[in-house]
Amino acid sequence: MRISGGKAKGIPLSITKTNKLRPASEANRERLFSSLGEWLLGKSVLDLFAGSGAYGLEALSRGALNVHFVERNRKICTDLECNLENVCKSAGLEKRVGKLEKREVLEFLKTKINPFDLVFLDPPYSEFTKIGNQVFDFLYRNQFVHPNSLLVHEAPNGEISSFENWRQIKTLGKGKKGAPVFRLFKPAF
C-alpha cells in the first residue's frame, strides 16, 4: 500500500498484519481525494480510528496544513509513527505537522481542542454500530468542528447514515459487495 498522490506519492506505508486493521485501499483513497481536490489545501485534519494513518497521511501529502491522528492500538501506532516520518521526509514537511494520540476515540473526544476543517472517520465497522451516535454527538457538542467543516465517514453500504445535528451532503462510491462508500457530512450549526 502506498500514498496515491501529492508530494509523497508512491511512498509505501507499513501496515501491521492484524484482523483489527482494515486499511483504506489506494483506489478508494484516490477516488476520495480526487473529489476533495484543492479544497484540502491548508486544512486542519482529524483522523479518527487512524490505523495505518492512510487518510491523514494522504491529506498531508496533498497539501493539508496538519493532521491529528487518534489510534488506540500501540503496535499499530508504531507503524503509524514510522509512516508519518517517511511521508513528512518525502514531502519536505516537518514532523510536527502530524500529532498522534494513542488513546480511545471516545476518550479523546471528551477533551477540548481547536476545531478541525476536515474529519476522517474510518472506524471498525463492528464497533461503529455501538458507538457511532456518540462519536457524531461528541464531535458536534465538544466543538471539534465548525460550520464549514467536512466529515468523511467510510462505511459499508447499507449502514445507518443519519445522525442528529449532522446533514449528509454527498455519497461517494457505489457500495458494491465488499466495497465501502464515503458519506460526506456537514455539521448543522
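A: Buried means under 20% relative accessible area, exposed means over 50%, and partly exposed is in between, with a 1.4 Å probe and protein chains only. By that rule Arg62 is buried, with a relative accessible area of 19%.

Q: What kind of model is it?
A: It is a predicted model, where local features need pLDDT of at least 70, side-chain atom pairs count only at pLDDT 80 or more, and totals for chains, interfaces and linings use all residues. Residues are numbered from 1 along each chain as its sequence is written, and side-chain values use heavy atoms, with hydrogens and water left out.

Q: Which side chain does Arg62 meet in a salt bridge?
A: Glu58, at 2.9 Å from N to O. A salt bridge here is a side-chain nitrogen of Lys or Arg within 4 Å of a carboxyl oxygen of Asp or Glu. Glu58 is buried, at 0% relative accessibility. A network of salt bridges links Arg29, Glu30, Glu58 and Arg62.

Q: How many salt bridges does the count come to?
A: The count is 11. Among them, Arg72 pairs with Glu127, with the closest N and O atoms 2.5 Å apart. Arg72 lies in the loop between strand 2 (66-71) and helix 3 (74-91) and Glu127 in helix 5, so this pair ties together parts that are 55 residues apart in sequence. Helices (H or I, at least four residues) and strands (E, at least two) are DSSP runs, numbered from the N terminus.

Q: Why is the Tyr55 and Phe120 pair called stacked?
A: Because the planes are at 15°, with the centres 5.2 Å apart. Tyr55 is buried at 4%, and Phe120 is buried at 1%.

Q: And what about Phe136 and Phe185?
A: That pair is edge-to-face, 5.1 Å centre to centre with 70° between the planes. Phe136 lies in helix 5 (residues 125-141) and Phe185 in strand 7 (residues 180-187), so the pair ties together parts 49 residues apart in sequence.

Q: Which cluster are they in?
A: Ring pairs link Phe128, Phe136, Phe163, Trp166 and Phe185 into a cluster.

Conventions:
Rings of Phe, Tyr and Trp (its six-membered ring) pair if their centres lie within 6.5 Å; planes under 30 degrees apart count as stacked, over 60 as edge-to-face and the rest as tilted.
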